[in-house]
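Me: I'm new to this one and would like a close look at how its side chains sit and pair up. Could you walk me through it, one spot after another?

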Amino acid sequence: MRITDLLSASRMRLHVAVADKQDALDQLIALTRQDGLLTDSDAFRRAVLEREEQVSTAIQEGIAVPHGRGASVRRTGLAVMTLNRGVEWGAMDGQPSDLLFLIAATEDGTSYMEILSRLMSLLMDREFQKQLRAAATPQEFLDAVDKAEQARFGEEKPKEDAPRILAVTACPTGIAHTYMAAEALEQAASHLGVTIKVETRGSAGVQNRLTAEDIETADGIILAVDRTVDEDRFAGKPVLKVPVADGVHRPAELIQTVLDGRAPVMPAGAKRAPLDELIQPAGLPRAIYRHLMEGVSHMLPFVIGGGILVALGYLFDDPALGAVTFGQNTPIAAFLTMLGRTSMNLMLPVLAGYIARSLADRPGLMPGFVGGALSTSGITFDTIFNGTAAVPSGFVGAVLAGFAAGLFMRAIRRLCDHLPDRMAGIKPTLIYPITGVLFIGVFMCLVDPFVGGFSARLSEMLNNMSGASRLALGAILGGMMAVDMGGPVNKAAYVAATGAMATAVASGLPLTSAAYRMMAAVMAGGMVPPLALALCATCFPRLFTQQERRIAPVNYLLGLCFVTEGAVPFAAADPLRVIPACVLGGALSGALSMFWGCTLPAPHGGVLVFPLAGNPRWYMLALLLGTVAAALVLALLRHHRGTAKAHR
């Protein structure tokens, strides 16, 4: 680690006049706030001052090297000051200090002694000291350090020649895990001395996109994804593919695996691998989940935007004008409801289309869309030939349509690979569309009656639930939201509720139907974990580490906005205590919400959509009781663990 890599002109002040040691420390600490070196300047200031109280950091010959380390430091770095007139620092030779280096080191402290040793070996040269004191500009200071380092340690491997890792992160919703995994990988790479570039594929689109040059010069690639991404571009490179949760929880291990050469080389045509996984039992569950989440990730904006608009339509309407037409009685309500329902009517085609695209690439998209539309219309052979009523198969039918269309089009693509090259042009324009639509049309006409009948009976059963059954359903949904806080179990509960709600909106079911009660229970359960952790850290700060106390208040905002992933760092650090407490609180909130008949016609938004809730006061009480219960249980569990760990 070169000293010049830790220096920055913005963190230097030369030939400064200060009143005393405390004034010098204040100015040095202020310099470390530059360039994003710190995450918490107040905590770093306390660390530096506590170190100075133990023993003076002054060294002989007018040199002082104060330092501080901890979670408040984002990355290791130096701040420098030279003084016109030295100040008393407590040096053993009694000389005032006028050449000051402040070291800010990360929490592990592994680099601190290396920096100090290297710096001291350079400062033993009195001629070098004179050059530093005489430097008139930061550039002169940096040049003197660089020249001294090269003379003493020789030419070193340039920083840009460090191992270079690329990564792609993508979670189903693209809201939290995508960016949490990216940050974790970047921090781990910094500690390991590795250069990394992370492409994020989140709700804001593709950011920090990897270029062909990046891929060509990379030593390896990490794909921390739960969605289908373009993998063909990595053919011939070592690629480690893992769930996005691994990027959050074990980033250093992933990077080390690539550095050790244990990542498999991705063959050409790797895009076909997902279908092969569906044929292998070992890869079946994860493959199904990934393809399903690819559809869900594209579907959610239609559900969230449309659901909230429909809910606002109800809010701006007057039921006294007509209960049957509630949501459309006033012009503004009718406009909002129309927009919302249009958006939600596209939900199932988008879901099925992108599941099929995940399996078969672009040829699967069109038949997938058609299959999703047929699951909404509910057309069957009996409807066509005998004029009977349509039987929409809804969410489940759309999922089946997506997988069926994707698998079929994949098979058609493989068959078409044997066609002569001169017929390549008719495959995407004629063969794929016609065969795809014919197949999915026959498939859905056969599937809709069975799946639609099952969905209708299930909806009727849910609407007729009462007492213990309703409590159990609410507890299960609320608890599932807190099990993995954005992972597969959480997504299963959320997708079940949003799918039921979308079907209810499309069918014109009243706001008292079971689908809206399920949505309320799911949102309450998902809000509990971050709120409970923030509350527990506020009321029992001694049970949390310094870093946990620092990030805990943010979870009030995340929880109120229904971003369950805010609790993930706490759960990752202490899963055996955090997860049970959050599951209990989430289950309690979900059960009480369901028991009190609370409903919610919006699939996201947290407290922002509470005015749209049915029985809003009881709903807020259900959320409050679940939050308090989870916070108290967590405090009890951590109290038995003891507080020693919290004060490390």
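Reply: Let's begin with a word we'll need all the way through: a residue is called buried if its relative accessible area is under 20%, exposed if it is over 50%, and partly exposed in between. F562, at 5%, therefore counts as buried. Keep in mind that you're looking at a predicted model.

F562 has something else going on in its backbone. Its phi is near 65°, a positive value in a residue that isn't glycine. You'll find F562 in the loop between α23 (554-560) and α24 (568-573). Now hop over to N208, where phi is near 60°, again positive and again in a residue other than glycine. N208 also has its place in a loop, this one between β9 (205-207) and α8. With a relative accessible area of 43%, N208 is partly exposed.

Side chains of opposite charge can pair when their charged atoms come close. In this structure, there are 13 salt bridges. One of them joins D214 and K197, with 2.5 Å between the closest N and O atoms. D214 belongs to helix α8 (residues 212-217) and K197 to strand β8 (residues 195-202), so this bridge ties together parts that lie 17 residues apart in sequence. Both D214 and K197 are buried.

Another salt bridge brings the side chains of K21 and E52 together, at 3.0 Å from N to O. K21 sits in helix α2 (residues 21-31) and E52 in helix α3 (residues 41-54), so here the parts being tied together are 31 residues apart in sequence. E52 is buried, at 10% relative accessible area.

Next, have a look at E253 and R250, which form a salt bridge with their closest N and O atoms 2.7 Å apart. E253 is partly exposed at 44% relative accessibility, and R250 is partly exposed too, at 30%. As for D214 and K197, they also belong to a network: salt bridges with shared partners join them with R164.

R164 takes us to strand β7, which covers residues 164-170 and also holds T169. What is T169's relative accessibility? It's 0%, so T169 counts as buried. Leaving out residues up to four places away in sequence, T169 touches T178, A181, A182, L185, V198, E199, T200, R201, A224 and V225.

Now for the rings. A pair of aromatic rings is described by the distance of the centres and the angle of the planes. Counting rings whose centres lie within 6.5 Å, the total comes to 9 aromatic pairs. In one of them, F101 and F141, the ring centres are 6.2 Å apart and the planes stand at 50°, so the pair is tilted. F101 is in strand β6 (residues 97-105) and F141 in helix α6 (residues 138-153), which makes this a link between distant parts of the chain, 40 residues apart.

F408 and F439 give you another arrangement to look at. Their ring centres are 4.1 Å apart and their planes are at 5°, so this pair is stacked. F408 is partly exposed at 23%, as is F439 at 26%. Ring pairs also bring in F443, making a cluster of F408, F439 and F443.

Last stop: a pair of helices. Helix α19 (residues 468-483) and helix α25 (residues 575-595) have axes that come within 6 Å and cross at roughly 145°. That crossing is right-handed. On the α19 side, the residues making the contact include G474, A475, G478 and G479, while α25 brings, among others, G586, A587, G590 and A591. Sorted by class, the contact has 12 nonpolar, 5 polar and 1 charged residues. If you'd like to find the charged one, look for R470 on α19.

Notes:
Residues numbered from 1 in each chain as written. Predicted model: local features only at pLDDT ≥ 70, side-chain atom pairs only at ≥ 80, totals over all residues. Heavy atoms only, no water. Salt bridge = Lys/Arg side-chain N within 4 Å of Asp/Glu carboxyl O. Helix = DSSP H or I, 4+ residues; strand = E, 2+ residues; numbered from the N terminus. Buried < 20%, exposed > 50% of the residue type's maximum accessible area, 1.4 Å probe, protein only. Axes fitted to C-alpha atoms, helices over the stretch in contact; angles between N-to-C directions. Left-handed = near helix turned anticlockwise from the far one by under 90°. Contact = heavy atoms within 4.5 Å. Phe/Tyr/Trp six-rings, centres within 6.5 Å; stacked < 30°, edge-to-face > 60°.
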